[in-house]
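Here is a briefing on one protein structure.

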Amino acid sequence: MAGLRRIIIDTDPGQDDAAAIMLALGSPDEIEVLGITTVSGNVPVALTSKNARIVCDFSNRKDVKVFAGCEKPLKRKLVTAEYVHGATGLNGPELFEPETPLQAQHGVDFIIETLRNEPQGTVTLCPLGALTNIATALTRAPDIAGRIQEIVLMGGAYFEVGNITPAAEFNIYVDPEAAEIVFKSGIPIVMIPLDLTHKVLTLKARVERIRALGTRAAVALADMLDFFERFDVVKYGSDGGPLHDPNVIAYLIKPELYAGRMCNVEIEMVSELTLAMTVVDWWQVTDRKHNALVLKDVDADGFFELLTERVARL
């Protein structure tokens, strides 16, 4: 068991982001959510900000502070993924105008202010989407880098290569410049790539176990996962799609479910063919400095037990 982790969730909901938020909010003994910042990614930031608040409503946690962050990547045109997540980004359950309020403060300012005000090394950043907000905060306030306990992120791939291009994973591809800033920051990083998340499949029996809880949160999540998996079942030919983002939170709660190794990770910035590829030195064939713990293996049954148990608490 890890101790209490105080986190900021940086997110672009997204059905799998919703699962991550629910897992965090259902785990108050291990996770204290200081706030949720939103970023453009799966859908534009106006929708991700609304969706994060809808998930807080579903979770009976209208007290959670949600802040809208960056509208577009640092240097590129925004690429979105409605074809996966639906026009709302959260297709599946019936959606509504959330009661959880949107805070007036910008998400990047909230990240900077929180890191400056909290004791050094006590706040973990949990990016579930493009790294635009994190990179912007680090660029604007370089003093915060040394105050971050850890960055645990879902992004990248190595053996599984790309899901948006043949070489690139979506979150990194949306803002490769931001990813490069984060991976070169010297901050301790845990990277959860597609190599791991493709082992965490929303099998019918797993989703039905969540639905059978019968609570508002559980039924909403099951409806989201049913919608979300259609795309991946067709693409990968599996019984259920990969569930990416909640692995960030599950790793903080139960790191023993996961295994990986320290590696050097570089972001490809030059080649058009492999732009935004995370080049992971898994076999340690270079002398480039390690900059991330890259996770590759997971106890998927243990993960779904944890997710189901925690969603039941909401």
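**Largest pocket**

The largest pocket holds about 160 Å³ of space. Of its 15 lining residues, Phe183, Gly186, Lys289, His290 and Asn291 are the closest to its centre. This is a predicted model: local features need pLDDT of at least 70, side-chain atom pairs count only at pLDDT 80 or more, and totals for chains, interfaces and linings use all residues. Residues are numbered from 1 along each chain as its sequence is written, and side-chain values use heavy atoms, with hydrogens and water left out.

- A pocket is an open set of points on a 1 Å grid over the protein atoms alone, where a 1.4 Å probe fits, with protein on both sides within 12 Å along at least five of seven lines; lining residues have an atom within 4 Å of a point.
- Helix H7 (176–183) and strand S10 (292–298) each supply at least two lining residues. Helices (H or I, at least four residues) and strands (E, at least two) are DSSP runs, numbered from the N terminus.
- The lining divides into 8 nonpolar, 5 polar and 2 charged residues.

**Salt bridges**

- The whole structure has 19 salt bridges (a side-chain nitrogen of Lys or Arg within 4 Å of a carboxyl oxygen of Asp or Glu).
- Arg5 and Glu150 pair through their side chains at 2.5 Å, N to O. Arg5 sits in strand S1 (residues 5–11) and Glu150 in strand S5 (residues 148–154), 145 residues apart. Both Arg5 and Glu150 are buried (under 20% relative accessible area; exposed is over 50%, partly exposed in between; 1.4 Å probe, protein chains only).
- Glu97 bridges to Lys50, with the closest N and O atoms 3.0 Å apart. Glu97 lies in the loop between H3 and H4 and Lys50 in helix H2 (residues 45–58), so the pair ties together parts 47 residues apart in sequence. Glu97 is exposed at 60% relative accessibility, while Lys50 is partly exposed at 25%.
- Asp226 bridges to Arg211, with the closest N and O atoms 2.4 Å apart. Asp226 belongs to helix H10 (residues 216–236) and Arg211 to helix H9 (residues 204–211). Asp226 is partly exposed at 30%, and Arg211 is partly exposed at 21%.
- Glu30, Glu309, Arg310 and Arg313 form one network through shared partners.

**Thr100**

- Thr100 is in the loop between helix H3 (82–85) and helix H4 (107–117).
- Thr100 counts as buried because its relative accessibility is 0%.
- Beyond residues up to four places away in sequence, Thr100 touches Arg53, Cys56, Asp57, Arg61, Lys62, Val64 and Val66 (contact means heavy atoms within 4.5 Å).

Key: Grid points are joined across faces, edges and corners, and a volume is the space filled by probe spheres set on the points. Ala, Val, Leu, Ile, Met, Phe, Trp, Tyr, Cys and Pro count as nonpolar, Asp, Glu, Lys and Arg as charged, and the others, Gly among them, as polar.
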